[in-house]
Amino acid sequence: MAAAELGAAPGSGSCAPAGSGSVPVLFCFSVFARPSSVPHGAGYELLIQKFLSLYGDQIDMHRKFVVQLFAEEWSQYIDLPKGFLVNERCKVRLVPLQIQITTLGNLTPSSTVFFCCDMQERFRPAIKYFGDIISVGQRLLQGARLLGIPIIVTEQYPKGLGSTVQEIDLTGAKLVLSKTKFSMVLPEVEAALAEIPGVRSIVLFGVETHVCIQQTALELIGRGLEVHIVADATSSRSMMDRMFALERLARTGIIVTTSEAILLQLVADKEHPKFKEIQNLIKASAPESGLLSKV
């Protein structure tokens, strides 16, 4: 199926007969999946209308999208067949074709969420430069609070690995969640993101770079979100693991950057009402720990 702007229907056919009643359909977009239903025999136009009713505040109407259908035969999504009509339970997703070059890498507070990954006490003796990434992570969270940016925090198996370190202030965090999965992309996180209109960018930091950070970043970018990994707030037990993870992630289009770059990009202008408070946060440079020489 050719790409289309939302609201523009491609050619139609008749590969399934129309009938009466409704059919359950799972509508997927970005990190979200929402069950609904459409009339038996619904086609492309009705599917698009349903996507807009479910995700209208999340969809950039200036971009082109393709609708895809999950095909059991192939165990993966395929482009919606020409003339497709819904006659049985199915799963469809709306996929943006590309990130617009004009917005690539841009950050605005209204479309950004901070992810703080597994900054826990038991990691302290094992993670390289852990004290430094705690310091930088705390600076990032202070900046997020100043700018009204939602914060999502996870803790990997806290029963065994302890809670988030005391130096990290979680005041105002939208969600603090324990997990066993390495990725932060959990149903509770998806639900929290669904409550925030217009999310486009995730600022991600914590441990370990080659495990939880990498898996989270890959899941998020696979769902159409732009991911910024903060190099001076992200580490592993092994610098080799960290280095190769960041190289791999950068090749996939994930942005590897620094805490100061993130905060200044979010204020964007000296006249921003929070500029002086952000400036005070970054007056002392991030620790010269050796992390940035090993990116």
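Analyst: Start with the confidence score: pLDDT is the predictor's confidence in each residue, from 0 to 100. A contact, the other term needed at once, means heavy atoms within 4.5 Å. This is a predicted model, in which local features need pLDDT of at least 70 and side-chain atom pairs count only at pLDDT 80 or more, while totals for chains, interfaces and linings use all residues. Residues are numbered from 1 along each chain as its sequence is written, and side-chain values use heavy atoms, with hydrogens and water left out.

The average pLDDT of the chain is 88, and 88% of the residues score at least 70. Residues 8-19 stay under 50, and the model has 22 contacts beyond four places in sequence for them.

The chain has eight helices and twelve strands. Helices (H or I, at least four residues) and strands (E, at least two) are DSSP runs, numbered from the N terminus. Of the 295 residues, 47% are buried, where buried means under 20% relative accessible area, exposed over 50% and partly exposed in between (1.4 Å probe, protein chains only). Among contacts with a separation of 6 or more, 74% join residues 24 or more positions apart.

Phe275, Ile278, Leu281 and Ile282 are the buried residues of α8. Viewed down the axis of α8, these residues fall within an arc of 120°, so they line one face of the helix; the arc is that of the directions from the helix axis to the C-beta atoms. An α-helix has 3.6 residues a turn, so residues three or four places apart point the same way. What covers the buried residues of α8 includes α2 (130-147) and α7.

The axes of α7 (residues 259-267) and α8 (residues 275-282) come within 10 Å and cross at roughly 175°. Axes here are lines fitted to C-alpha atoms, for helices over the stretch in contact, and angles run from 0 to 180 degrees between N-to-C directions. The two helices are therefore roughly antiparallel to each other. Angles over 145 degrees count as roughly antiparallel, under 35 as roughly parallel, 65 to 115 as roughly perpendicular and the rest as oblique. On the α7 side the contact is made by Glu260, Leu263, Leu264 and Val267, and on the α8 side by Phe275, Ile278 and Ile282. Six of these residues are nonpolar, none is polar and one is charged. In this scheme Ala, Val, Leu, Ile, Met, Phe, Trp, Tyr, Cys and Pro count as nonpolar, Asp, Glu, Lys and Arg as charged, and the others, Gly among them, as polar.

The other partner is α2. The axes of α2 and α8 come within 10 Å and cross at roughly 175°, which makes α2 roughly antiparallel to α8. Arg139, Gln142, Gly143, Leu146 and Leu147 of α2 meet Glu277, Ile278, Leu281 and Ile282 of α8. That contact divides into five nonpolar, two polar and two charged residues.

Now α7 itself. Ser259, Ile262, Leu263, Leu266 and Val267 are buried in α7. These residues cover an arc of only 125° around the axis, which puts them on the same side of α7. They pack against β7 (112-117), α2, β10, β11 (226-235), β12 (255-257) and α8. Ala268, which follows α7, has a positive phi, near 70°.

Tyr129 lies in the loop between β7 and α2. Its phi is positive, about 55°, although Tyr129 is not a glycine. At 31% relative accessibility, Tyr129 counts as partly exposed. Most residues other than glycine have a negative phi, and most peptide bonds are trans.

The peptide bond from Val207 to Glu208 is cis, with omega near -20°. Glu208 lies in the loop between β10 (201-207) and α5 (209-222). With 9% relative accessibility, Glu208 is buried. Beyond four places in sequence, Glu208 touches Ile127, Ile213, Gln214, Ser235, Ser236 and Arg237. Glu208 and Phe123, 85 residues apart in sequence, are 9.3 Å apart in space, C-alpha to C-alpha.
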